[in-house]
Amino acid sequence: MFVEIILSDSFLLFSDGVNLRFHPSSGPISAKHQLLVNFSDGTSLSASVAMYGGVVCWEKSATCGNNYYQTALSKPSPRTDAFDEAYFQRWIASETLQKLPLKAVLATRQRIPGLGNGCLQDILWVSGPHPRCKLNTLAEDEIGRLFSSIKDTRKEMTELGGRSIEKDLLGQPGSYQMRMCADTKDKPCPRCGSEICKEAYLGGSVYTCPVCQKL
Ligand SMILES: [Zn+2]
């Protein structure tokens with residue numbers, strides 16, 4: 001969930017939620033930014049935060065105290081080979097996790113680096129369970145489908161340049177169209193045609209199909 005830039009004597013870190021834009025020329029730049037880096041060739045990079053996000057800078061001799069950053073460094077990303085089924089099975093065997101609902105397990109506290117509420121909706125819809133399902137209610141084959149969906153959905157999002165509701169450095173949206181999101185609320189589920197529901201749950205909205213994702 002971070003972009004880390006290594007400078008000569010320090011680190012500059014941008015967290016999820018920070019909008020980064022590259023400005024190829026010295027044209028107008030929105031005043032609503034928290035950081036502006038001007039390069040000697042006249043180009044610049046701006047960072048702005050709308051709802052949440054963090055820009056952190058620290059000297060190489062110091063340690064970054066950001067807990068999310070330290071957690072992200074200590075666990076394998078779903079995009080790496082280290083995040084395999086054996087790792088996933090060991091990890092979910094924890095008694096604490098077993099009692100939690102899937103949204104809490106998968107998309108809170110950066111338990112899986114880079115996986116947040118935004119990616120969660122399609123991961124669960126593809127694999128089947130409802131975000132409110134407790135982890136310990138899932139059968140073995142459902143756990144297998146969940147693992148595959150985490151790997152495959154994340155891979156697809158990455159290969160398509162991110163989700164369409166997010167923009168890249170040049171302001172271009174990603175090509176991954178979310179199936180379950182604010183834009184598809186009340187629209188038909190791509191699999192069964194039922195109306196997609198929205199509900200507030202654990203500090204954010206969840207989008208589900210009432211037929212495909214039964215509790
Ligand atoms: Zn459905």
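Start in helix α6, where Asp-141 and Arg-145 both sit, four residues apart, which is about one turn of the helix. This is a predicted model, so please keep that in mind throughout. The side chains of Asp-141 and Arg-145 meet in a salt bridge, with 3.7 Å from N to O. Asp-141 is partly exposed, at a relative accessible area of 47%. Arg-145 is partly exposed too, at 41%.

Helix α6 holds another pair, Glu-159 and Lys-155, again four residues apart, about one turn. How far apart are the closest N and O atoms in the salt bridge of Glu-159 with Lys-155? They are 3.1 Å apart. Glu-159 has a relative accessibility of 58%, so it counts as exposed, the cut-off being over 50%. Lys-155, with a relative accessible area of 47%, is partly exposed.

Now a salt bridge between Arg-163 and Glu-166, where the closest N and O atoms are 3.5 Å apart. Is Arg-163 buried or exposed? Arg-163 is buried, because its relative accessible area is 15% and the limit for buried is under 20%. In total, the count comes to six salt bridges, and I have shown you some of them.

Next, the loop between α6, residues 140-159, and β7, residues 197-200. Leu-169 is found in this loop. Leu-169 is partly exposed, with a relative accessible area of 43%. Which residues make the nonpolar surface patch with Leu-169? They are Phe-22, Phe-39 and Leu-170, and together with Leu-169 they make a patch of about 370 Å².

Back to helix α6, this time with a neighbour. Helix α2, residues 85-92, packs with α6 at an angle of about 120°, and the two axes are 11 Å apart.

Finally, the whole chain. How many helices and strands does the protein chain have? There are six helices and eight strands. From the N terminus on, the order is β-β-β-β-β-β-α-α-α-α-α-α-β-β. The C-alpha atoms fill a box of roughly 55 × 40 × 30 Å, taken along the principal axes. Of the 215 residues in the protein chain, 37% are buried.

Methods:
Residues are numbered from 1 along each chain as its sequence is written. This is a predicted model: local features need pLDDT of at least 70, side-chain atom pairs count only at pLDDT 80 or more; totals for chains, interfaces and linings use all residues. Side-chain values use heavy atoms; hydrogens and water are left out. Patches are made of residues with over 30% relative accessible area and no salt bridge: like charges are joined within 9 Å, nonpolar side chains (Val, Leu, Ile, Met, Phe, Trp, Tyr) within 5 Å. Accessible areas come from the Shrake-Rupley method with a 1.4 Å probe; for residues, only the protein chains shown count as cover. A salt bridge is a side-chain nitrogen of Lys or Arg within 4 Å of a carboxyl oxygen of Asp or Glu. Helices (H or I, at least four residues) and strands (E, at least two) are DSSP runs, numbered from the N terminus. Buried means under 20% relative accessible area, exposed over 50%, partly exposed in between (1.4 Å probe, protein chains only). Axes are lines fitted to C-alpha atoms, for helices over the stretch in contact, and angles run from 0 to 180 degrees between N-to-C directions.
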